[in-house]
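Grab a pencil and let's work through a few exercises on charged pairs and crossing helices. Try each task yourself before you read the solution.

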Amino acid sequence: LSNDGYKCIIDRKFVIISDFLAGMLEGDSFAGSSGNEILLKKLSASNLQYIEEYMNHHKGIDNDIPNMPLEDTDMEKVLQNKWDVDFLHRLVPITIENDKESKPDFTILMELLPITNYLGMNTLLHKLCAKLASFIRNKNETDIASILSNYSQNNTNNHSQNDIEIV
């Protein structure tokens with residue numbers, strides 16, 4: 001259950017890709033059931049929907065960890081699963097300015113990084129890090145600063161919004 005009341009539906013067998021949620025369900029057989037929802041108090045509906053979509057797609061099996069260091073900037077060459085590539089592309093929309101300069105929007109990706117870390121979704125965390133790394137690989141410090149400045153300038157969220165509290 002998100003902080004704004006979104007109730008996600010994930011099969012109990014699918015949450016095993018989250019160490020945190022799997023541990024909660026293992027310790028309490030009623031956790032997550034109707035009337036005993038797991039409240040992720042500071043997790044927005046939109047971010048919870050990404051987690052729900054990812055878990056429901058992978059059905060509890062997620063072994064496609066990208067190699068580090070990143071071997072290519074093309075996620076199709078980094079990951080085996082085409083669905084994961086498309087999912088990661090949706091997390092970082094790119095806008096074209098002046099018909100030539102592309103500006104990635106890292107907002108969703110940066111919100112999901114601490115969430116997946118906290119939830120113990122290690123494979124997704126590695127994929128998110130690889131996606132971020134794909135933008136800065138082989139770039140100099142000035143280019144990296146320019147790429148990431150788009151996130152910094154647009155990010156007005158307080159870091160504590162990404163904290164997750166279970167009640």
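**Exercise 1.** Find the partner of Lys127 in a salt bridge, and work out which parts of the chain the pair ties together.

*Solution.* Keep in mind that this is a predicted model. Step one: look around the side chain of Lys127, and you'll find Asp84, with the closest N and O atoms 2.5 Å apart. Step two: check that against the cut-off of 4 Å for a salt bridge. The pair Lys127 and Asp84 is a salt bridge. Lys127 sits in helix H6 (residues 122-136) and Asp84 in helix H4, so the bridge ties together parts that are 43 residues apart in sequence.

Asp62, Asp84 and Lys127 are linked in a network of salt bridges.

**Exercise 2.** Are Lys127 and Asp84 buried or exposed?

*Solution.* Buried means under 20% relative accessible area. Lys127 has 1% relative accessibility, so Lys127 counts as buried. Asp84 also comes out at 1%, so Asp84 is buried too.

**Exercise 3.** Now take Asp86 and Lys82: how many residues apart are they in helix H4?

*Solution.* First, the contact: Asp86 and Lys82 form a salt bridge, and their closest N and O atoms are 2.9 Å apart. Next, the spacing: they are 4 residues apart in helix H4, so about one helical turn separates them.

**Exercise 4.** Which helices hold Arg90 and Glu53?

*Solution.* Start with the pair itself: the side chains of Arg90 and Glu53 meet in a salt bridge at 2.5 Å, N to O. Then locate them: Arg90 belongs to helix H4 (residues 82-91) and Glu53 to helix H2 (residues 45-58), so this pair links distant parts of the chain, 37 residues apart. For accessibility, Arg90 is partly exposed at 41%, and Glu53 is partly exposed at 28%.

**Exercise 5.** Describe how H2 and H6 cross, and sort the residues in their contact by class.

*Solution.* Begin with the geometry: the axes of H2 and H6 come within 12 Å and cross at roughly 115°. The crossing is right-handed. Then list who meets whom: Ile51, Tyr54 and His58 in H2 meet Thr123, Leu124 and Lys127 in H6. Finally, sort them: the contact of H2 with H6 has 3 nonpolar, 2 polar and 1 charged residues.

Key: Residues are numbered from 1 along each chain as its sequence is written. This is a predicted model: local features need pLDDT of at least 70, side-chain atom pairs count only at pLDDT 80 or more; totals for chains, interfaces and linings use all residues. Side-chain values use heavy atoms; hydrogens and water are left out. Helices (H or I, at least four residues) and strands (E, at least two) are DSSP runs, numbered from the N terminus. Buried means under 20% relative accessible area, exposed over 50%, partly exposed in between (1.4 Å probe, protein chains only). Axes are lines fitted to C-alpha atoms, for helices over the stretch in contact, and angles run from 0 to 180 degrees between N-to-C directions. A crossing is left-handed if the near helix is turned anticlockwise from the far one by less than a right angle, and right-handed if clockwise. Contact means heavy atoms within 4.5 Å. Ala, Val, Leu, Ile, Met, Phe, Trp, Tyr, Cys and Pro count as nonpolar, Asp, Glu, Lys and Arg as charged, and the others, Gly among them, as polar.
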